[in-house]
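Hi,

Here is the structure I promised to pass on. Have a look at it first, then read my notes below.

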Amino acid sequence: MAFKLPDLPYDYDALEPYIDIRTMEIHHTKHHGAYTSKLNDAIQGTPAESLSIEEIMASMSEYPVAVRNNGGGYFNHNLFWTILSPDGGGVPEGELLDAINRKFGSFGNFKSEFSQAAANRFGSGWAWLIRKEDGSLAVTSTPNQDNPLMDFVEVKGIPLLGLDVWEHAYYLKYQNRRPDYIEAFWNLVNWDEVARRFSK
Ligand code: MN3
């Protein structure tokens, strides 16, 4: 069964002014769309066709690079759209906030560690908040379309929050000002969805 490009849970202009309509439309239809179709091409006729995207991630070292790049791109963007919301921003609550405070000392410390991971990722990649196997949280970063579910990454875990820092995610509006894009991102974070992933 082929993987499908999911619809966005909001309109292309919904994240204005933080992420502009044109970036959202190109990012979803062209970039995410291409990862989806190239992933399907790469697994066509192989046993991976009957696996979930998470199952493919978990044994990624056994796959060719086209599955790594496009499968990662498919999964990462599926997650990215859901952790953004026009009603996002603010601070998390409940058990997620407790876990953040335990690990990072404060929400502000977490935010700055995550922002630094996003800013310092050289070239293209992602910053992540993950839940590790022992239940603790960590901030990590991966290059290209890798993610913390892939079996070969240094720090593995369940991604709760991810930020795309490829230039295609921000260049039209922010050009070289990645830190401004990262700052804007905090106004969009859907903490309800992050908390749902945390407690799953
Ligand atoms: Mn992207």
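First, a definition for one of the contacts: a charge sits over a ring if NZ of Lys or CZ of Arg is within 6 Å of the ring centre and within 35 degrees of the ring normal. In this model, which is a predicted one, the charged end of R131 does that with the ring of F198, at 4.6 Å from its centre. K173 lies over the face of Y174, 5.8 Å from the ring centre.

Y174 has a ring partner too: with Y181 it makes a tilted aromatic pair, 6.0 Å centre to centre and with 55 degrees between the planes. Y174 is buried at 9% relative accessible area, and Y181 is buried at 1%.

There are 15 aromatic pairs in the structure. One of them is F110 with W191, edge-to-face, with 6.3 Å between centres and 70 degrees between the planes. F110 is in helix α5 and W191 in helix α8, so this pair ties together parts that are 81 residues apart in sequence. Both belong to a cluster linked by ring pairs, along with F104, F107, F114, F185 and W186.

Now the metal. Which residues coordinate the manganese ion? They are H27 (NE2), H77 (NE2), D164 (OD) and H168 (NE2), at 2.0 to 2.1 Å. Along the chain, the donors are spaced as H-x49-H-x86-D-x3-H. H27 sits in helix α1 and H168 in the loop between β3 and α6, so that pair ties together parts 141 residues apart in sequence. H27 counts as buried at 1% relative accessibility, and H168 is buried at 18%.

Cheers

Notes: Residues numbered from 1 in each chain as written. Predicted model: local features only at pLDDT ≥ 70, side-chain atom pairs only at ≥ 80, totals over all residues. Heavy atoms only, no water. Donors = N, O, S within 2.8 Å, 3.2 Å for Na, K, Ca; no water. Helix = DSSP H or I, 4+ residues; strand = E, 2+ residues; numbered from the N terminus. Buried < 20%, exposed > 50% of the residue type's maximum accessible area, 1.4 Å probe, protein only. Phe/Tyr/Trp six-rings, centres within 6.5 Å; stacked < 30°, edge-to-face > 60°.
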